[in-house]
Amino acid sequence: MKSSLVSSKNLIRLQSAISRSFLQHSSKPISQTPFFIPIIPTNTINLYNQRYQNLQFQIRSNSTSIMSSSAFKPEQARLPPALPLSSPPLTKFKIGICQLAVTPDKERNIQHAREAIEEAAQKGAHLVVLPEIWNSPYSNDGFPVYAEDIDAGHDASPSTAMLSEVSSRLKITVVGGSIPERCGDKLYNTCCVFGTDGKLKAKHRKIHLFDIDIPGKITFMESKTLTAGETPTIVDTDVGRIGVGICYDIRFQELAMIYASRGAHLLCYPGAFNMTTGPLHWELLQRARAVDNQLYVATCSPARDTGAGYVAWGHSTLVGPTNTYLNFCM
């Protein structure tokens with residue numbers, strides 16, 4: 001049967017397409033599998049050309065009607081819109097990272113935190129960061145017992161009342177680690193940020209709960225008692241714009257990218273990595289978040305207590321955007 005191809009160029013494209021398809025799906029060497037180049041009848045080619053020309057006409061017509069009936073809105077291409085990058089209020093300042101020993105005595109924990117903040121301020125700190133769950137033992141049994149109603153404040157939340165008082169008195173910014181928060185019938189792992197006027201500037205509820213089961217090593221399920229937060233938290237302070245995460249939040253680069261795109265100068269992660277995950281990933285993740293986003297990253301852990309039910313890794317750190325360790329606590 002007499003037949004022809006559209007052109008030699010089309011034949012080359014067809015051969016190339018078949019070759020690519022073959023290489024993707026065959027496990028045999030090329031020499032072991034024959035190639036079949038189909039011959040396209042002339043009447044099929046004419047029909048193809050007709051349909052192709054009609055399709056081109058329809059596309060041009062539809063494009064014209066679409067462009068004339070609706071306006072292009074470039075401002076909607078990125079929602080929410082990026083905030084303008086601002087210069088930090090201070091080009092140089094000291095950060096106090098308070099790696100606290102935590103006990104079952106809540107009042108003692110609060111007093112210990114107060115003293116640590118005061119000591120950091122005396123040494124010139126403009127910003128002080130506390131650890132994750134610093135007023136309570138880190139346990140699902142302890143979270144409901146030590147939880148506070150932060151929104152009610154005062155006697156309902158002695159931990160945040162102390163943070164408010166000391167930040168106002170010392171005229172410093174405090175990233176208050178985290179405490180168990182009670183809100184209605186739910187519990188959250190919550191970080192409060194207080195300004196130099198003692199007012200609550202932001203409240204971050206841990207978004208990514210820590211559920212882990214490594215046989216023979218560690219099993220912990222925060223989701224048994226805690227509810228996950230739903231929103232990123234970025235706050236303007238007297239030392240600059242800060243993005244806040246808690247512990248397991250640091251594993252998620254997307255959260256740090258959001259903070260970087262919103263103009264953060266510093267990321268703060270109170271965290272309590274353990275003796276299994278700490279040696280593996282704690283410092284690596286801090287360095288990755290800092291270098292990937294070209295930001296400073298501060299982390300603050302509880303002090304290691306080998307007699308506790310949950311043993312924190314420690315190693316609170318401040319890392320610069322060039323992977324420089326600016327501070328390191330064992």
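Buried means under 20% relative accessible area, exposed means over 50%, and partly exposed lies in between (1.4 Å probe, protein chains only). Helices (H or I, at least four residues) and strands (E, at least two) are DSSP runs numbered from the N terminus. The model is predicted, so local features need pLDDT of at least 70 and side-chain atom pairs count only at pLDDT 80 or more, while totals for chains, interfaces and linings use all residues. Residues are numbered from 1 along each chain as its sequence is written, and side-chain values use heavy atoms, with hydrogens and water left out.

**View 1. The chain as a whole.** The chain contains seven helices and 14 strands. It has 330 residues, of which 41% count as buried. Contact means heavy atoms within 4.5 Å. Among contacts between residues at least 6 apart in sequence, 66% join residues at least 24 apart.

**View 2. Buried residues of helix H6.** Helix H6 spans residues 253-261, and Gln-253, Leu-255, Ala-256 and Tyr-259 in this helix are buried. These four cover an arc of only 160° around the axis, and therefore lie on the same side of H6. The arc is taken from the directions from the helix axis to the C-beta atoms. An α-helix has 3.6 residues a turn, so residues three or four places apart point the same way. The partners against which the buried residues of H6 pack are strands E6 (200-205), E9 (233-237), E10 and E11 (266-270), together with helix H7 (277-293). Just after H6, Gly-263 has a positive phi of about 90°.

**View 3. The largest pocket.** Its volume is about 690 Å³. The lining has 29 residues, and Phe-93, Lys-94, Ile-95, Leu-318 and Leu-326 are the closest to the pocket centre. Two or more lining residues come from each of strand E1 (94-97), helix H3 (106-122), strand E10 (240-244) and strand E14 (325-328). E1 gives the largest share, four residues. By class, the lining holds 17 nonpolar, seven polar and five charged residues. Here Ala, Val, Leu, Ile, Met, Phe, Trp, Tyr, Cys and Pro count as nonpolar, Asp, Glu, Lys and Arg as charged, and the others, Gly among them, as polar. On a 1 Å grid over the protein atoms alone, a pocket is an open set of points where a 1.4 Å probe fits, with protein on both sides within 12 Å along at least five of seven lines; lining residues have an atom within 4 Å of a point. Grid points are joined across faces, edges and corners, and the volume is the space filled by probe spheres set on them.

**View 4. The second largest pocket.** This pocket holds about 290 Å³ of space. It is lined by 19 residues, with Val-102, Pro-137, Tyr-138, Ala-308 and Tyr-310 closest to its centre. The lining divides into 13 nonpolar, four polar and two charged residues.

**View 5. Surroundings of Phe-210.** Phe-210 sits in the loop between E6 and strand E7 (211-214). With 7% relative accessibility, Phe-210 is buried. Leaving aside neighbours within four places in sequence, Phe-210 is in contact with Tyr-138, Phe-220, Met-221, Glu-222, Tyr-248, Asn-274 and Tyr-310. Phe-210 and Phe-273 are 63 residues apart in sequence, and their C-alpha atoms are 9.8 Å apart.

**View 6. Surroundings of Thr-277.** Thr-277 belongs to helix H7 and is buried, at a relative accessible area of 6%. Apart from neighbours within four places in sequence, the contacts of Thr-277 are Ile-212, Arg-251 and Trp-282.

**View 7. Cysteines.** The structure has zero disulfides, a disulfide being a pair of cysteine sulfur atoms within 2.5 Å. For Cys-268, the closest cysteine sulfur is that of Cys-191, 7.8 Å away and too far for a bond. Cys-268 is buried, with a relative accessible area of 0%, whereas Cys-183 is partly exposed at 30%.

**View 8. Two histidines with positive phi.** Most residues other than glycine have a negative phi. Phi of His-154 is near 50°, and that of His-315 is near 55°. His-154 lies in the loop between helix H4 (142-146) and helix H5 (158-170), and is exposed at 67% relative accessibility. His-315 lies in the loop between strand E12 (296-300) and strand E13 (317-319), and is buried at 6% relative accessibility.
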